[in-house]
Amino acid sequence: MKSSRRSFLITSIGVASTLALSRQAFADPAKVTEADPTAQALGYKQDATQVDKAKYAKYAAGQDCGNCSFYQGKGADPWGGCPMFAGKQVSAKGWCSAYNKKA
Ligand code: SF4
């Protein structure tokens, strides 16, 4: 095999695997639903204003995932990761009983 053909093949393989990787990186991670067993256990609501205030007396208006220390979204991200829900995303406007105000 001529070296130019070999380097073309190597480059093509490199490009193909880079494309496959970036497609994976942009795949939309699953969003936590309120039916999720962990969500139910933690009283997670996608809309913090819908939190059962009788059950979760610690909830205070203004608290949401977006200002929780566990929220892994950046800036104005509407969804972000949370260690309570590994591999899934929570809504920035959500809330759960593990809420901890961001310092
Ligand atoms: Fe939202 Fe914080 Fe609960 Fe995670 S721990 S779901 S970021 S309130």
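**Pro29**

I looked up Pro29 and found it in the loop between α1 (3-26) and α2. Helices (H or I, at least four residues) and strands (E, at least two) are DSSP runs, numbered from the N terminus. The model is predicted: local features need pLDDT of at least 70, side-chain atom pairs count only at pLDDT 80 or more, and totals for chains, interfaces and linings use all residues. Residues are numbered from 1 along each chain as its sequence is written, and side-chain values use heavy atoms, with hydrogens and water left out.

Next I checked what lies across from Pro29. Lys88 is 59 residues away from Pro29 in sequence, yet their C-alpha atoms are 5.9 Å apart. Setting aside neighbours within four places in sequence, I found Pro29 in contact with Gly87 and Gln89. Contact means heavy atoms within 4.5 Å.

**Whole chain**

I then stepped back to the overall layout. The protein has two helices and two strands. Along the sequence I read the pattern α-α-β-β. Of its 103 residues, 27% count as buried. I also looked at contacts with a separation of 6 or more: residues 24 or more positions apart account for 57% of them. The exposed surface comes to about 7,000 Å², and carbon and sulfur atoms supply 60% of it. Accessible areas come from the Shrake-Rupley method with a 1.4 Å probe; for residues, only the protein chains shown count as cover.

**Ala41**

I placed Ala41 in helix α2. Ala41 has a relative accessible area of 63%, so I logged this residue as exposed. Ala41 and Cys96 are 55 residues apart in sequence, and 9.1 Å separates them in space, C-alpha to C-alpha.

**Gly62**

Gly62 sits in the loop between α2 (37-42) and β1 (79-81). Its relative accessible area is 55%, so Gly62 is exposed.

I read 10% relative accessibility for Cys65, which means it counts as buried. From Cys65 to Pro78 I noted 13 residues in sequence and 9.8 Å in space, C-alpha to C-alpha. Not counting residues up to four places away in sequence, Cys65 touches Tyr44, Tyr71, Val90, Ser91, Ala92, Gly94 and Trp95.

Ser91 was my next stop, in strand β2 (residues 89-91). Ser91 counts as buried because its relative accessibility is 7%. Again leaving out residues up to four places away in sequence, I listed the contacts of Ser91 as Tyr44, Gln46, Cys65, Pro78 and Trp79.

**Ligand**

Which residues surround the ligand? I wrote down Cys65, Cys68, Phe70, Tyr71, Cys82, Met84, Phe85, Val90, Cys96, Ala98 and Tyr99. A residue is near a molecule if one of its heavy atoms lies within 4 Å of it.

I sorted this shell by type: eleven nonpolar, no polar and no charged residues. Here Ala, Val, Leu, Ile, Met, Phe, Trp, Tyr, Cys and Pro count as nonpolar, Asp, Glu, Lys and Arg as charged, and the others, Gly among them, as polar.

Last, I checked where the ligand sits: in the largest cavity. On a 1 Å grid over the protein atoms alone, a cavity is a set of points where a 1.4 Å probe fits but cannot get out. A molecule sits in one if more than half of its atoms lie within 2 Å of its grid points.

Key. Buried means under 20% relative accessible area, exposed over 50%, partly exposed in between (1.4 Å probe, protein chains only). On a 1 Å grid over the protein atoms alone, a cavity is a set of points where a 1.4 Å probe fits but cannot get out, and a pocket is an open set with protein on both sides within 12 Å along at least five of seven lines; lining residues have an atom within 4 Å of a point.
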